[in-house]
Amino acid sequence: MIIHTPAHDLPLSRMELPDAVRLMHAYWRRHRALCAIDGVKQVLFIVNQGREAGASLEHPHTQVFALPLVPRALRDEINNSRRLFPGGCPLCAAREEARRDGRVILENEGWMALAPFAARLPYETWFVPRRHEPDFARARDGELRAMAAVITRTLAALAAALDDPPYNLWLHTSPCDGKNYQHYHYHLEAIPRLTTEAGFEMASGMHINVVRPEEAARHLRESLP
Ligand SMILES: [Zn+2]
Ligand SMILES: [Zn+2]
């Protein structure tokens with residue numbers, strides 16, 4: 001568990017930039033330390049903001065999991081990006097497509113926040129570093145700073161646009177099992193909890209998204225602080 005701040009009611013979206021940068025450095029240091037432990041294959045960072053998003057503690061915090069296996073969601077991402085983009089990278093391509101299609105929410109020198117082409121749920125947001133890099137452990141100082149700025153501002157836009165919705169945010173990075181994941185691109189994903197999964201989603205594993213990602217990106221751009 002990483003406690004973001006001494007302030008009980010200060011969400012990530014309202015943290016001062018230097019404090020958010022320190023938080024990203026804390027992620028980075030924990031990631032490296034946990035990956036170095038024998039038997040740890042995957043490290044996951046997860047923020048549950050709001051009770052409806054599963055937060056059991058009110059005080060802003062990040063849950064850190066060091067797992068002895070690579071969970072299925074990540075395994076699927078890793079295998080599918082290798083299979084569907086041989087020699088390329090889906091997230092490098094996604095950044096270009098987002099620029100072309102007006103789905104960029106925010107971009108700075110190191111990172112981009114975008115609404116993905118096939119967003120599963122309304123206002124699903126991806127955070128992607130501009131430099132292709134599989135492993136969060138190799139993020140550079142300037143990139144951690146840019147990461148903090150993009151995440152806090154985009155979450156502030158989400159809060160302003162959608163009346164402070166509960167959300168889940170997580171970091172996906174290459175496993176720490178010593179294998180080659182050069183094709184993979186580390187990133188974060190955020191999903192505000194605006195809808196409830198119903199029978200169709202459970203029966204089919206498919207999602208019906210009623211908000212076009214172009215529209216979500218525009219709304220969030222207009223709500224940036
Ligand atoms: Zn890439
Ligand atoms: Zn992912």
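**Helix crossing and loop residues**

Tutor: In this predicted model, the crossing of H1 and H4 is right-handed, a word used when the near helix is turned clockwise from the far one by less than a right angle. Residues are numbered from 1 along each chain as its sequence is written. Local features need a pLDDT of at least 70, and side-chain atom pairs count only at pLDDT 80 or more, while totals for chains, interfaces and linings use all residues.

Student: Why are H1 and H4 called oblique to each other?

Tutor: The axes of H1 (residues 17–35) and H4 cross at roughly 120 degrees and come within 8 Å. Angles under 35 degrees count as roughly parallel, over 145 as roughly antiparallel and 65 to 115 as roughly perpendicular, with the rest called oblique, and H1 and H4 are therefore oblique.

Student: Which residues of H1 and H4 make the contact?

Tutor: Among them are Leu17, Ala20 and Trp28 of H1 and Leu144, Arg145 and Thr152 of H4, where contact requires C-beta atoms, placed from the backbone, within 7 Å.

Student: Why is Asp164 called partly exposed?

Tutor: Asp164 has 14 other C-beta atoms within 10 Å, and is therefore partly exposed. Asp164 lies in the loop between H4 and E7, and its phi is near 55 degrees, a positive value in a residue other than glycine.

Notes
Chains lettered and ligands numbered in written order. Helix = DSSP H or I, 4+ residues; strand = E, 2+ residues; numbered from the N terminus. Buried ≥ 20, exposed ≤ 12 C-beta atoms within 10 Å, placed from the backbone. Axes fitted to C-alpha atoms, helices over the stretch in contact; angles between N-to-C directions. Contact = placed C-beta atoms within 7 Å.
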